[in-house]
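Colleague: I have the model open. Can we go through it piece by piece?

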Amino acid sequence: MAKAPPPLPPAVRRSPPTTIESSRDRERLRTVVFPEHSDLARAVAERIVEVIHRETRAKGRAVLGLATGSTPLGVYEELIRRHQAGDVDFSHVITFNLDEYYPMTPDSPHSYRRYMWENFFAHVNIAKQNVHIPDGTIPRERVADACAAYEEAIRAAGGIDFQLLGIGKTGHVGFNEPGSDATSRTRIVTLDTLTRKDAAADFFGVENVPREALTMGVATILDAKEIALLATGEHKAAIVARAVEGEISTDVAATFLQRHQSVTVYLDLPAADELTRIKTPAPSTARSSTGCATRFVAGPSSRRTSGCSSSRPIPMTTSSRWAAFSASCGRTRTRSSSRT
Ligand code: F6R
């Protein structure tokens with residue numbers, strides 16, 4: 001008879017994140033910093049699950065605005081995990097993606113349609129007819145009508161309840177490159193040179209990156225009831241600081257988020273590196289004029305630096321930054337079991 005397998009180790013208990021209030025005088029957007037990308041992904045996925053439950057209870061459906069790129073991949077993984085665990089049902093969820101390269105065939109490895117199906121939709125019980133992604137195959141003479149129809153479809157669905165965003169190095173949200181204004185709607189745009197350079201590796205050369213894209217506009221994004229802007233990695237730090245602390249300007253489309261009532265910026269520590277409270281930390285009791293809380297969320301993976309044990313080593317740069325950041329908070333440091 002086959003030997004019984006050894007019992008599984010007990011599940012690792014995750015303690016609730018601890019939060020640290022910090023001076024955030026310069027921040028114009030509610031910003032939450034996580035030590036690890038995985039903690040950020042879990043928090044965003046949890047918020048999406050809450051919105052889906054709330055909206056399906058209230059009106060029988062939930063409408064999500066979705067992004068592609070590397071940043072939201074962890075969120076999609078976590079949503080799939082939550083779905084497989086029976087926590088969330090996507091059968092009454094309607095989605096609208098931000099953008100698609102133009103031209104772009106749906107079966108291309110670079111297509112955002114393919115990305116969405118491979119990384120998310122194929123793994124949950126979403127109805128195909130509830131998925132909307134700008135069509136990169138539309139003939140040019142019909143692009144304007146297709147973009148207007150996309151706007152109309154969002155309106156007909158009752159508007160977007162929760163919009164997920166990444167940010168490009170140009171400050172784009174969707175593909176709203178520098179020059180995009182607050183009234184812009186779904187349309188065809190020319191991609192910024194920096195955006196095309198950033199995509200060059202994926203396309204095996206900048207010359208292969210499409211020059212244009214279809215994108216929801218800034219106004220389309222700002223119509224969403226709630227917005228989450230995600231950024232990870234040090235390469236995003238400078239543009240994140242500009243978006244969170246800078247003046248509103250058409251030079252950086254993400255700054256228009258400052259006009260929205262319900263935006264949260266979710267960052268990992270490297271992406272937060274250029275925020276004043278981390279770059280130039282100084283104890284302060286001043287509060288932002290917006291009065292909303294900004295927190296550093298210490299997830300389980302940061303336990304070592306916060307005095308608890310962790311099986312996972314923390315890179316020195318992250319741990320020392322965390323220690324310096326905590327120390328700089330001095331008397332304003334608080335612990336709580338509140339969630340993000
Ligand atoms: C993608 C999108 C873009 C990306 C941004 C960041 O649908 O709208 O704005 O969110 O370019 O891309 P990653 O996450 O790859 O750094």
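Colleague: Over how many bridges do strand 7 and strand 10 pair?

Modeller: This is a predicted model. Strand 7 and strand 10 are paired in the parallel sense. Gln-163 has Ile-227 of strand 10 as its bridge partner. The number of bridges between strand 7 and strand 10 is four.

Colleague: Which residue stands opposite Phe-162 of strand 7?

Modeller: Strand 3, residues 62-66, runs parallel to strand 7. Two bridges join them. Opposite Phe-162 stands Leu-64.

Colleague: Which residues of strand 7 point the other way from Phe-162 and Leu-164?

Modeller: Strand 7 covers residues 162-165. In a regular strand, side chains alternate between the two faces of the sheet. Here Phe-162 and Leu-164 point one way, and all four residues are buried. Pointing the other way are Gln-163 and Leu-165.

Colleague: Which element gives the most residues to the largest nonpolar core?

Modeller: That core has 40 residues, and Phe-96 and Leu-257 touch the most other members. The elements giving two or more residues include strand 4 (93-97), helix 4 (143-156) and strand 10 (226-231). With five residues, the top contributor is helix 7.

Colleague: What share of the ligand's exposed area does the protein bury?

Modeller: 13 residues surround the ligand, with Thr-71, Asp-99, His-172, Gly-174 and Lys-236 the closest. A ligand oxygen is 2.6 Å from a side-chain N or O atom of Asp-99. Ligand oxygen also lies 2.7 Å from a polar backbone atom of Gly-174, and 2.9 Å from one of Ser-70. Taken alone the ligand exposes 410 Å², and the buried share is 87%.

Colleague: Is Arg-26 buried or exposed?

Modeller: Arg-26 sits in the loop between strand 1 (18-21) and strand 2 (30-34). Its relative accessibility is 54%. The cut-off is over 50%, so Arg-26 counts as exposed.

Colleague: How far apart in space are Arg-26 and Thr-276, C-alpha to C-alpha?

Modeller: In sequence, 250 residues separate them. Yet Arg-26 is in contact with Thr-276, as well as with Val-244 and Glu-245. The C-alpha to C-alpha distance is 7.2 Å.

Notes:
Residues are numbered from 1 along each chain as its sequence is written. This is a predicted model: local features need pLDDT of at least 70, side-chain atom pairs count only at pLDDT 80 or more; totals for chains, interfaces and linings use all residues. Side-chain values use heavy atoms; hydrogens and water are left out. A nonpolar core is a set of buried Ala, Val, Leu, Ile, Met, Phe, Trp, Tyr and Cys residues joined through side-chain atoms within 4.5 Å. Buried means under 20% relative accessible area, exposed over 50%, partly exposed in between (1.4 Å probe, protein chains only). A residue is near a molecule or strand if one of its heavy atoms lies within 4 Å of it. A polar contact is a pair of N or O atoms within 3.5 Å; within protein, one must be able to donate a hydrogen and the other to accept it, and residues adjacent in sequence count only if both atoms are side-chain atoms. Accessible areas come from the Shrake-Rupley method with a 1.4 Å probe; for residues, only the protein chains shown count as cover. Two strands pair if DSSP finds at least two bridges between them. Contact means heavy atoms within 4.5 Å. Lists of a residue's contacts leave out its neighbours within four places in sequence.
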